[in-house]
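User: Please take one part of this model and walk me through it slowly. After that, tell me what else deserves a look and how far the coordinates can be read.

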Amino acid sequence: MQRSEISKQEAKILFRDNTYKIMSKKEKNIDQLEKKIKTELDNFTRELETVKNLIELDKIRTKYIGKKSFLIKTLKNIGDLPDDIKPIAGKKSNTARNKIESDILKKEKIFKNIEYKNKLRKESIDLSLPGRSTGTGRKNIISQVVEEIEEIFIGMGFEIAEGPEVETDYYNFEALNTPRDHPARSLHDTFFISENILLRTHTSPVQIRYMESHKPPLLIIVPGKVYRRDYDVSHTPMFTQIEGLVIDKGINFGNLKWTLETFAHEIFGKDRKVRFRPHYFPFTEPSAEVDVSCNICGGKGCRVCSGSGWLEILGAGMVDPNLYSFVGYNPEEVSGFAFGMGIERICMLRYGIDDLRLFFENDLRFINQF
Amino acid sequence: MKVTLNWIGEFLSAERLEPENIASALTMSGTEVKKVEYMGDKYKDIVIGRVVDFSPHPDSDKLSLCEVDIGSSKLSIVCGAKNFKKEDRVAVALPGAKVKDITIRKNKIRGQISEGMMCSEMELGLSSESEGIMILDNSCEVGDSFSKSVGLDDVVLELEITPNRPDCLSVIGIAREISALIGAELITGEYDFQKRLNIDSKFKIEIDDYNLCPRYSAKLFRNIPNIQSPQWLKNRLILCDVRPIDLIVDLTNYVMLETGQPLHAFDKDMLYSNKIIVRRAGKGENIKTIDDSIRILDDDALVIADEDKAVAIAGIMGGKDTKISENTKNVLLESANFYGPSIMRTSKKIGLRSEASNRFEKKIDPMLTVFAIGKFEDLLEKVANFKTEECIYDNFKKVERERKINLRVGKVGQVLGKDIDAGLISGILTNLKISNRIKDNSIEATVPSFRYEDLEREIDLVEEVARIYGYDRLDSIPTSTRDRRGKYSLYQKTIKDIRQALCDIGLVEVINYSFISAESLKKFKINLEDGYKNNVEILNPINEDFKLLRPMLLPALMKNIKDNINHNIKDIGIFEISKVFKKNSSGKLPFEINMLGVMLTGKAAQKGWDEKERAFDFYDLKGILEFICKRYYPYGSLRIKERQYRFFHPRTSGIVNIEDLDVGIIGKIHPVIIEETETGQDAYYMELDMDKFINNIKETQKYKFVPAFPSIDIDLAIVVDNKIKSEDIVNEIKENGTELLKKIRLFDIYRGEQIEKDKKSMAYSLSFRDDTRTLKDIEIEIIINRILESLGKKFNARIRE
Ligand SMILES: [Zn+2]
């Protein structure tokens with residue numbers, strides 16, 4: 001506060017003593033001021049060129065547009081000037097100050113750039129050093145493929161249903177057209193908990209459970225663990241299946257073909273051929289097995305496809321009308337198809353894995369590959 | 001099942017069967033051809049030779065030098081066998097031939113040139129053992145190809161027959177399929193049994209229960225010649241994986257393969273009397289079967305008996321005492337039909353499956369019995385010039401074996417999604433030997449006896465039409481899903497998200513078998529803990545390791561880390577989301593709980609170029625717990641309630657409680673278990689009940705104001721006794737912090753020189769805020785003083801200078 005008062009007085013003295021008193025005419029006063037400003041600018045321009053760094057630049061800034069500089073003092077005390085001079089004096093001084101300011105900024109930018117360049121040049125690091133670890137988590141290959149398949153079917157309008165892994169004989173066999181003495185039972189070597197309770201041998205019992213509690217139209221897939229009493233290179237006592245079921249009015253074998261072709265193309269690639277072969281399952285009729293062309297030999301026949309050129313991926317078929325009687329649907333009104341596949345088999349085909357047991361040994365060197 | 005193309009060809013009018021075409025037609029109609037084997041190729045460059053002369057090898061006692069005529073030339077061959085003589089016909093592998101995967105070359109054996117090899121049956125793949133080289137019939141033409149001369153110039157098809165097609169478990173059955181597929185005529189021949197069928201009072205067949213044995217036919221063959229089967233017949237059996245034994249047994253097997261009807265031959269003179277009884281076994285009745293084992297039978301097993309004892313287990317295996325031997329003169333040939341399910345039960349119970357039982361299980365046509373006896377007779381005449389005027393004994397209950405089915409033409413189109421012309425449908429059925437006529441918009445079909453079991457309904461005929469018409473000719477039709485929208489349920493979405501989240505923070509997902517051994521539960525002392533005692537037991541486990549369904553995931557994850565540590569992977573964070581099982585009341589399905597198990601062991605951080613090594617500890621695991629908890633319970637309370645479990649360290653063991661619900665357990669694996677399992681390093685484990693965790697998640701949270709006024713943050717360090725728990729301090733601070741206290745965060749614990757022994761300094765950062773105004777320093781000061789006062793009173797805490 002004190003400082004600014006002093007400068008005000010100084011300004012008064014300047015005008016009173018040197019200019020105002022001697023030149024009483026308005027023009028003369030302005031002329032005087034202009035000359036002075038011009039001299040300031042000339043001096044500034046000359047000095048700016050000799051400036052070598054930011055510190056010197058700062059000195060010039062103080063000298064020409066600092067609080068004690070001629071221009072700033074002039075502007076500050078403009079109010080003390082006669083009214084007719086005020087606007088012109090203000091304008092002239094302002095223009096000069098702005099020019100000085102912008103010239104200094106320009107110069108400053110140049111110096112700063114040079115300074116950064118010099119500074120950053122010294123900050124180099126070894127880019128080849130390893131980054132800090134964030135851990136290497138991995139979703140199990142089975143989960144990855146299950147989720148991939150789920151998403152394919154969700155895209156086609158399916159929902160996901162689940163059911164118990166321990167089942168009754170009724171849901172696992174009986175209601176699926178496989179009564180106790182049915183020869184197809186020998187294909188499923190079953191683990192029993194009691195005479196009527198067993199570990200499900202397929203995910204198909206969920207079909208029945210779902211139909212019991214829902215009315216058509218229905219589109220579901222059922223992923224889950226299933227169990228069969230078998231243990232060697234190509235059999236594990238537990239494996240993963242995905243089952244599918246579509247029931248509505250007018251569903252036919254053509255729909256089955258379209259759905260499974262679409263699926264096979266999504267999961268194995270559009271270039272693969274898909275074929276449907278008649279087969280037998282107790283709970284579908286007509287039944288089919290679905291193959292995709294072997295990608296290893298291109299269909300010519302090789303060890304992987306045992307010479308056939310085809311790889312089996314799915315079992316499917318039109319839901320046997322008998323099943324509807326178990327769940328109270330009218331087979332003359334609705335129809336549908338079902339399909340099922342082994343996830344591990346799909347993984348084996350996709351990644352060339354040759355031992356089923358690897359899936360459940362949980363060797364991290366295996367899991368982390370996918 | 002294996003069949004050969006030449007054999008099939010005997011029953012078809014076709015001039016030539018192109019193996020690839022036949023295989024593909026069969027596969028595409030439901031009889032999958034697993035393998036096509038060209039036997040001619042296998043025996044390439046093996047020819048019939050004649051031993052002209054032989055002399056001992058000058059440098060070896062065991063070897064002979066032979067001169068062998070192969071028609072075009074005479075070869076010198078060094079041979080190790082002794083079982084031949086001059087003029088014998090032998091199989092000579094010429095240079096270039098492959099014998100047991102070894103390529104024959106002209107070479108020197110102990111200084112003597114050998115220009116080929118005389119082969120043994122074993123070397124030719126015709127038996128599993130053999131003494132000396134194979135001596136062939138003198139009628140074989142010298143120089144001819146070996147495979148042609150002995151009926152091995154054939155193509156073997158390996159087929160997968162589905163269980164609904166017992167009629168295809170035979171050469172004739174397959175020929176019938178092919179005839180429908182390629183339009184060739186089927187020629188099976190008829191057996192004129194009217195002529196030879198009569199009731200002979202001398203011999204009786206008694207059937208106790210026609211449900212179990214709908215038909216029993218038999219025939220007596222007296223003074224049967226005791227000769228070997230001809231080579232071609234043996235070879236056919238061998239090609240079909242049946243081991244030749246003696247003429248009678250070979251013939252029964254041959255006829256079974258050809259017709260699908262199992263036959264059994266008894267030594268008639270070893271039977272007690274002129275009566276065969278088909279009855280149930282007495283409880284505990286036993287019989288010594290031809291494989292020399294004593295079989296103890298249940299009373300639901302069906303046996304063939306004479307008036308003294310059981311002489312065969314019906315449809316499964318014959319008895320030792322009445323089996324055909326070298327001395328057999330008179331043979332009683334059985335050709336019977338047994339009830340499939342009964343055969344299947346018995347065969348399962350006594351653990352014995354045979355080619356015969358496999359066929360009976362699938363319910364074969366009772367009309368076959370006499371036909372098969374006729375085939376047997378024809379063959380016997382062909383190979384041994386043996387004729388008999390004996391009659392056939394035949395006991396059966398007359399049953400309906402024809403079925404009429406009405407097939408709507410429209411139904412075919414409806415099921416298949418493609419309209420197929422009535423004439424075409426009718427033609428397909430006719431080719432399948434299903435007689436039919438078109439009437440209005442339907443086809444009236446009559447199913448023949450051999451398809452009686454599997455063609456019952458309209459849909460069965462639709463399938464027949466579809467598979468012969470060809471699935472590949474049916475259209476692919478997009479499914480209209482109407483108003484169905486595919487999606488994951490909230491539960492499914494959450495499981496999927498948790499799985500992803502855990503992987504994202506560096507854990508690896510494992511999947512283990514649902515089985516566990518009782519031993520393992522004991523080792524982890526799980527069997528002693530409430531809630532894990534009642535386990536689900538498998539009646540027929542693969543072995544003791546797979547005896548129970550696991551009640552928790554811990555043992556499996558422990559095994560996983562141990563196995564990986566053995567592979568020198570020691571720093572492990574794994575998780576599994578799988579079901580665990582708990583016993584329910586009897587007769588009910590067990591409880592299934594979807595469980596998340598997380599296991600940490602080894603280092604949390606490796607020593608790096610600017611990082612310090614750090615081992616996993618309890619707080620890493622708790623951090624993971626907090627991470628997934630906050631994800632779904634952003635404002636929910638999480639507490640670890642102290643509770644000792646025998647598998648956890650007694651001081652690091654607790655229950656996970658979220659929003660006042662116990663959802664899991666967490667702790668450090670008990671050092672004794674670490675030692676006993678030889679894991680060699682500490683491990684931390686938690687298990688969360690996903691069903692509880694997810695079902696308790698609150699529906700969508702309401703929007704809360706984004707704070708408009710700044711908070712005042714105060715750091716507070718207090719010194720308390722070591723034993724005071726952070727949770728208690730936090731609760732006390734909350735108690736006195738008023739509603740302005742929004743957040744408490746522990747940021748430092750200090751023990752050491754600057755404070756007394758047995759004490760610790762706990763530093764908390766407290767955040768105060770009011771949503772409606774800016775707080776004044778003085779208000780907070782008052783609250784802090786109140787907090788300090790109460791902490792002082794309660795825990796004898798003092799502020800740290
Ligand atoms: Zn291939």
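Analyst: Let's start with a helix and the strands under it. Helix α17 (residues 554–566) of chain B lies across β32, β33, β38 (661–669) and β39 (683–689) of chain B, at about 150° to β32(B). Helices here are DSSP runs of H or I with at least four residues, strands are E runs of at least two, and both are numbered from the N terminus. Contact means heavy atoms within 4.5 Å. The angles, from 0 to 180 degrees, are taken between the N-to-C directions of axes fitted to C-alpha atoms, for helices over the stretch in contact.

Two housekeeping points before going on. This is a predicted model, in which local features need pLDDT of at least 70 and side-chain atom pairs count only at pLDDT 80 or more, while totals for chains, interfaces and linings use all residues. Residues are numbered from 1 along each chain as its sequence is written, chains are lettered from A and ligands numbered from 1 in the order in which they are written, and side-chain values use heavy atoms, leaving out hydrogens and water.

Helix α15 (residues 490–504) of chain B also runs at about 150° to β32(B), and it lies across β28, β32 and β33 of chain B.

Now the sheet itself. It is open, with seven strands in the order β28-β32-β33-β39-β38-β37-β36 (chain B) and mixed pairing. Two strands count as paired if DSSP finds at least two bridges between them.

Take the pairs one by one. Eleven bridges link strand β32 (residues 572–582) of chain B to strand β33 (residues 591–601) of chain B, in the antiparallel sense. I658(B) has L661(B) as its bridge partner in β38(B). These two strands make a hairpin with two residues between them, and E659(B) in the turn has a positive phi of about 50°.

How much of β38(B) is buried? Seven of its nine residues are, so to speak, under cover: the strand is mostly covered. Buried means under 20% relative accessible area, exposed over 50%, and partly exposed in between, with a 1.4 Å probe and protein chains only.

Most residues other than glycine have a negative phi, and most peptide bonds are trans. In chain B, D101(B) has a phi near 70° and sits in the loop between β7 (98–99) and β8 (102–103). D101(B) is exposed, at a relative accessible area of 71%. K433(B), likewise not a glycine, has a positive phi of about 65°. K433(B) belongs to the loop between α13 (422–431) and β26 (435–439) of chain B, and is partly exposed at 35% relative accessible area.

Chain A has cis peptide bonds worth checking. The bond from P216(A) to P217(A) is cis, with omega near 5°, and P217(A) is in the loop between α8 (205–213) and β4 (218–227) of chain A. The bond from E285(A) to P286(A) is cis too, with omega near -5°; P286(A) falls within strand β7 (residues 284–293) of chain A.

Finally, how far can the coordinates be read? pLDDT is the predictor's confidence in each residue, from 0 to 100. Chain A averages a pLDDT of 87, with 92% of the residues scoring at least 70. Over residues 1–6 of chain A, though, pLDDT stays under 50, and the model has zero contacts beyond four places in sequence for them. Residues 19–23 of chain A are also below 50, but that stretch has twelve contacts in the model beyond near neighbours in sequence. Where pLDDT is low, the predicted coordinates should not be read in detail.
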